[in-house]
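Q: Please take a close look at the pockets of this model. I would like the space, the lining and the cut-offs behind each term.

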Amino acid sequence: MKTLIVHAHPEPKSLNSSLKDLAVSTLETAGHEVRVSDLYAMNWKAVVDAADYGPHASDPLKVALDSGRAFDAGALTPDVLAEQEKLLWADTIIFQFPLWWYTMPAILKGWVDRVFTYHFAYGVGEHSDTRYGERFGEGTLAGRRALLSVTVGGPEPHYAARGINGPIDDLLFPIHHGILYYPGIEVLPPFVLYGSDRMTGEDYPDVAKAWEQRLLTLESTEPIAFRRQNLGDYEIPSLHLKEGLEPAGRTGFKLHVRD
């Protein structure tokens, strides 16, 4: 297995950095190949601008179309091209980050904004009476798996169905479904550490053991059963889920997950 770890935490001595290092050592010991994109250590440029597209940038800037032209011409900046190559190399992608303000750190979102360009991660495939492009289960990155390894400051009950912060699956849905599944990546259930701000060194051995167990079962773990866009569950072109496919009473994000 070839694994890319995309790591987003500014402190090398943090819990997130320890989990990243443990993932590297665990997977390599098990015989897997591992590459790491440590975004803070790389001083990753987080903002999209015209410099990303060179002579293919328009005036006014049109991020989607300009990124597609630069991608087609092989003219994206070297840092972006390197990350795209890593994604194409990988079988599995692990994203290691803290949940800040209910989402990923800005530097990681900036990695997505710049690396997931038009014609690479989206804007591919045919549009017809039966297909709406290759996305949500199809696309350039189909055949790969991804896992979010997320540290959360609050206790687990705060992220339950009736918790004040909302269910963790709902908070992560925009990443799971909208960023990862959109270009075809199968998404594994997340590894979430709650109450991380209150953890001590005495807690870490149990955390490490649980993380090692998840890492060593990546290949056998069933992905979240998101519905594929072009297999008949959705009306095209409205992309509304067809009536009667969901269990009675199911609403919201869970509509897009098969039983």
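A: The largest pocket holds about 340 Å³ of space. Its lining counts 19 residues, and Thr151, Val152, Gly153, Ser196 and Asp197 are the closest to its centre. A pocket here is an open set of points on a 1 Å grid over the protein atoms alone, where a 1.4 Å probe fits, with protein on both sides within 12 Å along at least five of seven lines; lining residues have an atom within 4 Å of a point. Volume is the space filled by probe spheres set on the points, which are joined across faces, edges and corners. This is a predicted model: local features need pLDDT of at least 70, side-chain atom pairs count only at pLDDT 80 or more, and totals for chains, interfaces and linings use all residues. Residues are numbered from 1 along each chain as its sequence is written, and side-chain values use heavy atoms, without hydrogens and water.

The lining of the largest pocket splits into nine nonpolar, nine polar and one charged residue. Nonpolar covers Ala, Val, Leu, Ile, Met, Phe, Trp, Tyr, Cys and Pro; charged covers Asp, Glu, Lys and Arg; the others, Gly among them, are polar.

The second largest pocket has about 200 Å³ of space. Its lining includes Asp169, Asp170 and Lys254. Phe173, Phe226 and Phe253 also line the second largest pocket, as do Pro189 and Pro190. His176, Ile224 and Val257 are lining residues too. By class, the second largest pocket has seven nonpolar, one polar and three charged lining residues.
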